[in-house]
Amino acid sequence: KFARHETIWDWIREENARRPGLRVLEIGSRSVVSEPQWKKFIPDCDYTGFDIREGQNVDIEGDIHRLSDYFSAESFDLVLSFAVFEHLAMPWVAAEEIAQVLAVDGHVVIETHFSFSEHELPWHYFQFNSNALEVMFCPELGFELVDSGLDTPIVGRFSKAAGESLSGQFVRDLYCHSSLIARKSSDPTQELADGVFDWRG
């Protein structure tokens, strides 16, 4: 409904207006192709930029798979990540780490790719439909869904190199962007500590 590529930042701006001075963590904050969006939409927030590499708009360098090593529990009210999750070796572990540093009643906002060209190789590992994001940011980790879905439709077809049975056929239901907004409704710390929920085995 509103976690769309063209409007997702509008939702973030409204959330910041509802709760002024949000403590915001952006994962994959390094400015690559444009100016940081947070400066336009939520300039008055308490912002921390986190990235695996140094660069413009990066406050802390580190590995998201160890996010809780850098920040204490419930340090942030809003965790953002755009065009990053496709580059994570274990995005399910990243979801668990986000759950630990996000405060109860805080939100996580993820936008990644469902159908898109390979890029930044060799660090491009996954494509996500909306179900994938919902499974990772699940009730067992303390999350309840606010909105998710696919956006930015793509028209595609199989090339001649695909073989006679598929050549020229249209590929349906392709979308560039997959997104999710979820609220942390409970604290999963005890469940994680007790091994009730563990993706790491």
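Visitor: Why is phenylalanine 126 called partly exposed?

Guide: In this predicted model, phenylalanine 126 has a relative accessible area of 27%. Buried means under 20% and exposed means over 50%, so with 27% the residue is partly exposed.

Visitor: Where is phenylalanine 126 found?

Guide: Phenylalanine 126 lies in the loop between β5 (102-113) and α5 (130-136).

Visitor: What makes a residue a contact of phenylalanine 126, and which residues are in contact with it, leaving aside neighbours within four places in sequence?

Guide: The criterion is heavy atoms within 4.5 Å. Glu86, Leu88, Ala89, Pro91 and Trp92 are in contact with phenylalanine 126 on that basis. For one of them, proline 91, the C-alpha atom is separated by 8.9 Å from that of phenylalanine 126, and the two residues are 35 apart along the chain.

Visitor: How do you know that the radius of gyration of the chain agrees with a compact globule?

Guide: A compact globule with 201 residues would have a radius of gyration near 17 Å; the chain has 18 Å, so the two agree. The C-alpha atoms fill a box of roughly 55 × 40 × 35 Å along the principal axes.

Visitor: How much of the chain counts as buried?

Guide: Of the 201 residues, 46% count as buried. The accessible surface comes to about 10,600 Å², and carbon and sulfur atoms hold 50% of that surface.

Visitor: Which elements does the chain have, and in what order do they run?

Guide: There are six helices and seven strands. From the N terminus on, they run α-β-α-β-β-α-β-α-β-α-β-β-α.

Note on methods. Residues are numbered from 1 along each chain as its sequence is written. This is a predicted model: local features need pLDDT of at least 70, side-chain atom pairs count only at pLDDT 80 or more; totals for chains, interfaces and linings use all residues. Side-chain values use heavy atoms; hydrogens and water are left out. Helices (H or I, at least four residues) and strands (E, at least two) are DSSP runs, numbered from the N terminus. The radius of gyration is taken over C-alpha atoms; the globule rule is 2.2 Å times the number of residues to the power 0.38. Buried means under 20% relative accessible area, exposed over 50%, partly exposed in between (1.4 Å probe, protein chains only). Accessible areas come from the Shrake-Rupley method with a 1.4 Å probe; for residues, only the protein chains shown count as cover.
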